[in-house]
Amino acid sequence: MKRLIAPLATAALLIGLAGCVPGMPTPPSNPESGSSETGSSETGSSETGQASEETTSGPVGFGEFAQVSKDLGAKLKVSVGAPADFTPTDSLFEPERGKYVAVDAQAELLAGTVDNISDDEFTLVDSQGNRYEAATVSLDNMFLHLLTEGEPVSGKIVYDVPADATGFTVEYAPTDSQEKELGVLASWK
């Protein structure tokens, strides 16, 4: 039996390695938190035949950084803080569902060309699976330009949720340079 398992395991390993993208780096460890950062890899194909990028591991904790790779060689380090009730001081709009919840987001360009990150790329998901898009609470929604490698930028993302919503997860699902969805590249819980 052991003689049969070893060749099968070797064959499975070789088949798995054959599907790997050459030159794709492994995600580095995050020395600040002691855990691995979330990386991305090219998997599957979309309707257009282009590879799509997906998160390779589960969510990271709120406040931790996840490293993601986008198109055109852009690599970002992104962090989202824990959701907290929020009362804007200069709001033009009142919550329609019940209350505002906000997260602090931070991003840094690690490699590649100029990139952007926007509040509409982050979705809040509650414990019941309800999904919430970023709300407009003022004319100052988060849209950050990542212009220089190593210069972090930050902003606040606000969501309109029912008053009893709990158990939040935040998902980061950007689009590429052609406005095609890349899927969820990172999530925080």
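What share of the contacts in the protein chain with a separation of 6 or more comes from residues 24 or more positions apart? The figure is 61%. Keep in mind that this is a predicted model.

**Whole chain.** Start with the cartoon view. The protein chain has 15 strands and 1 helix. Now switch to the surface. The accessible area is about 10,900 Å², and carbon and sulfur atoms hold 53% of it. Of the 189 residues, 37% count as buried.

**Main core.** Select Phe-122, Tyr-159, Tyr-172 and Trp-188. In the largest nonpolar core, which has 29 residues, these four touch the most other members. Next, colour the strands that supply at least two residues each: β5 (65-69), β6 (75-80), β8 (98-111), β10 (122-125), β12 (143-146), β13 (153-162), β14 (169-172) and β15 (186-188). Strand β8 gives the largest share, 5 residues. In soluble globular proteins, nonpolar side chains tend to be buried together.

**Tyr-159.** Zoom in on Tyr-159 and show its neighbours. Leaving out residues up to four places away in sequence, Tyr-159 touches Phe-122, Leu-124, Tyr-132 and Val-170, among others. Lys-99 and Glu-133 are also among its contacts.

Select Ala-102, Ala-135, Val-137 and Val-158. They are among the 5 residues of another core, which lies apart from the largest one.

**Pocket.** Finish at the largest pocket, with a volume of about 260 Å³. Select Asp-115, Asn-116, Glu-121, Thr-175 and Asp-176: of its 17 lining residues, these lie nearest the centre. Then pick strand β9 (residues 115-118), which gives the most to the lining, with 4 residues.

Methods. Residues numbered from 1 in each chain as written. Predicted model: local features only at pLDDT ≥ 70, side-chain atom pairs only at ≥ 80, totals over all residues. Heavy atoms only, no water. Buried < 20%, exposed > 50% of the residue type's maximum accessible area, 1.4 Å probe, protein only. Contact = heavy atoms within 4.5 Å. Areas by Shrake-Rupley, 256 points an atom, 1.4 Å probe, with all protein chains shown as cover. Core = buried A, V, L, I, M, F, W, Y, C linked by side-chain atoms within 4.5 Å. 1 Å grid on protein atoms, 1.4 Å probe; cavity = no way out; pocket = protein on both sides within 12 Å on 5 of 7 lines; lining within 4 Å. Points joined across faces, edges and corners; volume = space filled by probe spheres on them.
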